[in-house]
Amino acid sequence: MNRILCLGLCGGISLATFSQQPEWDKGQTFTEAPDPVLSGGQSWLSVKPGLHASFVSIDKRFAKSEAPDIPAEKTMHLRGWQGERLSAQVLLWTIDSVPGVKVQVTDPVGSNGKKLGAAGYARFERYIITDTYGPGCGWRKPGDFPASLSPDLLDDLSSFNLEKKKVRPVWITIEIPRTAEKGRYTAKVEVTSPAGKRQELNLTLDVIDLLLPEAGAWTFHLDQWQHPSAIARVNKVAVWSDAHFRVMEPQMRMLADLGQKVITATLNKDPWHVQTQDPYEDMIIWTKEKNGRWSYDYGIFDKWVSFMMGLGIKKMINCYSIVPWNNEIHYKDAATGKFVDVVAKPGTPAFTEMWEPFLKDFVRHLREKGWLEITNIALDERNKEEMGLAFALIEKASPALSVSYADNQKTYQRYPNSRDVSTAVQHPIDTKDLKDRTARGLNTTFYVYCGNNFPNQFTFSDPAESAYMGWYAMAAGYNGVLRWAFNSWVEQPLVDSRFRTWPAGDTYIVYPQARSSIRYERLLEGIQDYEKVRIVKKLLEQNQDNTRLNALNAAIEKLNNNKRHDGWNNDLNAAKELLNDIAASLGK
């Protein structure tokens, strides 16, 4: 954000976002990093003068400095339900500089002349520095991993200056109104520039007469951890100030629009020991009074939870952590007014002396707020001994509290009644245990992180991997997915997605000032598909249509694979096509 400039690219704000954030001038943009991949320019020798435009697959990312070797495709066909959000991609390329290019989507019109309204809009894709997976987790020097540019950020600009011998992808979004009538609609994607001829690409939309529930009613359990202090730093506002909550609202509303179910809260000092660019700021202030008793200020915690609930995120509050990564907590000494750091390792007297009174008071406070039944004490990948000692204290001091944890050691088998468990995707939960937990109404998800390269949401990941996660959850029987960070931004998140310890893009999937990304849009797609599958299966069961139910289940079963394999993307697209075929026949 320190390099925000207006470079002749200033324009308007898309209607889809303007009403939510009028105080931001989203016409301002930034300078993309130079392409670290050198190009000899040979691919451009056969490109004719002028601006070229073509529909391309949303499953592919295009290198910025290489001319695409593709036949121009001027038509695109989409299908979707009422209330569904769909995506398409247009690629622009030119051997000459072309200033002021605009891409606009006309209102879709039905065969009877009826319009869907402003259902479509275009966003220019911006190139971000990325790297490669390498060994996954672990300290990484930039020079040790090949860098490249990846199109990911979706920028809300009314026009864009195209560079010579460069490509520029454009993301097309179609939001089908919930009241849309069944039928076929046509729209134009218009590409214009002050000095060039208007180009038109034809988009056909088939609306299926089935209604997708609103995001707040989705059953898919999405848990993407939030990082409020990163938003404060990037927007240059004081943490927990009124201005902080104002700038957080558009970002967190994007999370709610994904159907997020969990509020990420902290109990004490940064639970992850500043593994991120920004430390997690305290939500609850512990104070040791002069008489030796403890008091707790829940003001920020209450404000944060209420804020997130106001956006519709209210299924769970996961509070990190009774076992911080360095076992260090702190409190304010009322006698000196200073904070005191204490190492309180599970099993030690300090651990019990510090945590037992807090847990008892926390339960009291949660009961007063009416939040006890949805609050979990959360742990993240701690060892068996520490987790066992922590669970024992929770059971002793506050048995009314449940627990949530990310698990890579089959802890769920030792504590089978835990309300919320997430297992590493490459260490799937045993099928019998998963079925047992589901039957008892307990929540079970898988999580992705730096330790697995497929499926994942790095800035170099194949775009379809984000959608694949929704289908994998359905195929494997999980309730949803956990990902450790929605917006834990790096130093310059608009320009360079690399971080010192994890593959690029691991720390965030959205960009400052509520800018979306390809990864966000494709994750939304997969979650929508999860909900559609659930509805279609129920209709097929009601109709006793075992033939098509078996066909759909067979297509889904092919996606029950957590390792990269040949044909995974084709299998995903085939399952999506079959789902829409069946849905179209079930619609009224």
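I began with β6 and strand β12 (residues 183–192), which run antiparallel and are joined by four bridges. Strands here are DSSP runs of E, at least two residues, and helices are runs of H or I, at least four, numbered from the N terminus. Two strands pair if DSSP finds at least two bridges between them. Gln104 stands opposite Glu190 in β12.

I noted the ground rules. This is a predicted model, where local features need pLDDT of at least 70 and side-chain atom pairs need 80 or more, while totals for chains, interfaces and linings use all residues. Residues are numbered from 1 along each chain, and side-chain values use heavy atoms, without hydrogens and water.

Next I checked the other partner of β6 (residues 98–105). It pairs with β10 (residues 160–162) in the antiparallel sense, over two bridges. Val101 has Phe160 as its bridge partner in β10.

I found four cavities of 30 Å³ or more in the whole structure. A cavity is a set of points on a 1 Å grid over the protein atoms alone where a 1.4 Å probe fits but cannot get out; lining residues have an atom within 4 Å of a point. Of the 14 residues lining the largest cavity, those closest to its centre include Ser404 and Tyr405. Elements giving two or more residues to this lining include β22 (402–407) and β23 (420–424).

How values were computed. On a 1 Å grid over the protein atoms alone, a cavity is a set of points where a 1.4 Å probe fits but cannot get out, and a pocket is an open set with protein on both sides within 12 Å along at least five of seven lines; lining residues have an atom within 4 Å of a point. Grid points are joined across faces, edges and corners, and a volume is the space filled by probe spheres set on the points.
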